[in-house]
Amino acid sequence: GITMSGSSDDVSDQVETKELVPPSSTLESKKYQYLSVIFAVNVGLGQTTGNTWEHFDDLFHGKQTESWKMWFPSMAAAALFTGLLIDQKMVDKTTMLCVSLSVLTVAQGIFSMATVDESMTSTDTNWPFLTLPYEHIPLIATAMATGVTCTTVPLLEVEWFGSKNIGGMHGIDMLGAIATQVFFYNGVANVAPLSTQMWLQTAASAVGLGFAFALRSEAKSDETRSEEAREEAAPLVVSMVEE
């Protein structure tokens, strides 16, 4: 027969117990705080932009039709492609967040400029898929930026803080994204014109971009310190082996 060593208790001890609330060490970590802000800004503004389709229809004289056919595939494709690139170790995750927030800021800026420059909302050229000059480009760009962040932030949280508190960590991220959406879509949009809303969203995107670069700098500094610590420990390990 086959004899199994150990008990079920031994196995359960090796499984990391999930906790609802992240520890204070995680919540007070600069890297986690930066990740939360980035997620709140990017995903919150992404969802706000998606919910503002009807206003963009009016802004671009009703030429933008069936926007959802571009929004959801663009976001899903970006999320999937980002995951594949990360799995193949072809991209740096913090760099991806910097790119994502840069794209979001530019896209929100294009929408903002279109609210004050009539020439950006009309054209004699009407392509079947891409109506020039600026209707679909910022919409697709915003959706893709949202997809990239939705994939990257949870992966960094697990990498840096483990999976033990991932539910609580990501739950806080989602609360931030919902709060951002409520502030802009249910708040600003009801008391200010579209131009004011979009310029404020552009400013918020720029703030998120600043946090993305701060996160990348913090992560690189941690990597440098870890590498220096390993180099300092290496001679000690060699000497112990020789003895």
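Colleague: Is the crossing in which H7 passes H8 right-handed or left-handed?
Modeller: H7 passes H8 in a right-handed crossing; a crossing is left-handed if the near helix is turned anticlockwise from the far one by less than a right angle, and right-handed if clockwise. Helices here are DSSP runs (H or I, at least four residues; strands are E, at least two), numbered from the N terminus.

Colleague: And which residues make that contact?
Modeller: On the H7 side they are Val153, Pro154, Glu157, Val158 and Phe161, and on the H8 side Ile166, Met169, His170 and Asp173. Contact means heavy atoms within 4.5 Å. By class, the contact of H7 with H8 has 6 nonpolar, 1 polar and 2 charged residues. Ala, Val, Leu, Ile, Met, Phe, Trp, Tyr, Cys and Pro count as nonpolar, Asp, Glu, Lys and Arg as charged, and the others, Gly among them, as polar.

Colleague: Before I go on, what kind of model is this?
Modeller: It is a predicted model, where local features need pLDDT of at least 70 and side-chain atom pairs count only at pLDDT 80 or more, while totals for chains, interfaces and linings use all residues. Residues are numbered from 1 along each chain as its sequence is written, and side-chain values use heavy atoms, with hydrogens and water left out.

Colleague: Got it. How many helices and strands does the protein have?
Modeller: The protein has 9 helices and 0 strands. Of its 243 residues, 39% count as buried (under 20% relative accessible area; exposed is over 50%, partly exposed in between, with a 1.4 Å probe and protein chains only). Among contacts between residues at least 6 apart in sequence, 82% join residues at least 24 apart.

Colleague: Back to helix packing. At what angle do H6 and H7 pack?
Modeller: H6 (residues 93-114) and H7 pack at about 155 degrees, with axes 8 Å apart. That angle makes H6 roughly antiparallel to H7, because angles over 145 degrees count as roughly antiparallel, under 35 as roughly parallel, 65 to 115 as roughly perpendicular and the rest as oblique. Axes are lines fitted to C-alpha atoms, for helices over the stretch in contact, and angles run from 0 to 180 degrees between N-to-C directions. The crossing of H6 and H7 is left-handed. By class, their contact has 17 nonpolar, 6 polar and 2 charged residues.

Colleague: Is Thr49 buried or exposed?
Modeller: Thr49 is buried, at 1% relative accessible area. It is found in helix H3, residues 30-51. A polar atom of the Thr49 side chain lies 2.8 Å from the backbone oxygen of Leu45.

Colleague: Last one: how far apart are Gly176 and Ser36 in space?
Modeller: They are 7.2 Å apart, C-alpha to C-alpha, and 140 residues apart in sequence. Gly176 is found in helix H8 and counts as partly exposed at 21% relative accessibility. Asn186 is also in helix H8, and the C-alpha atoms of Asn186 and Thr48 are separated by 9.2 Å.

Key: Polar contact = N/O pair within 3.5 Å; in protein donor to acceptor, adjacent residues only side chain to side chain.
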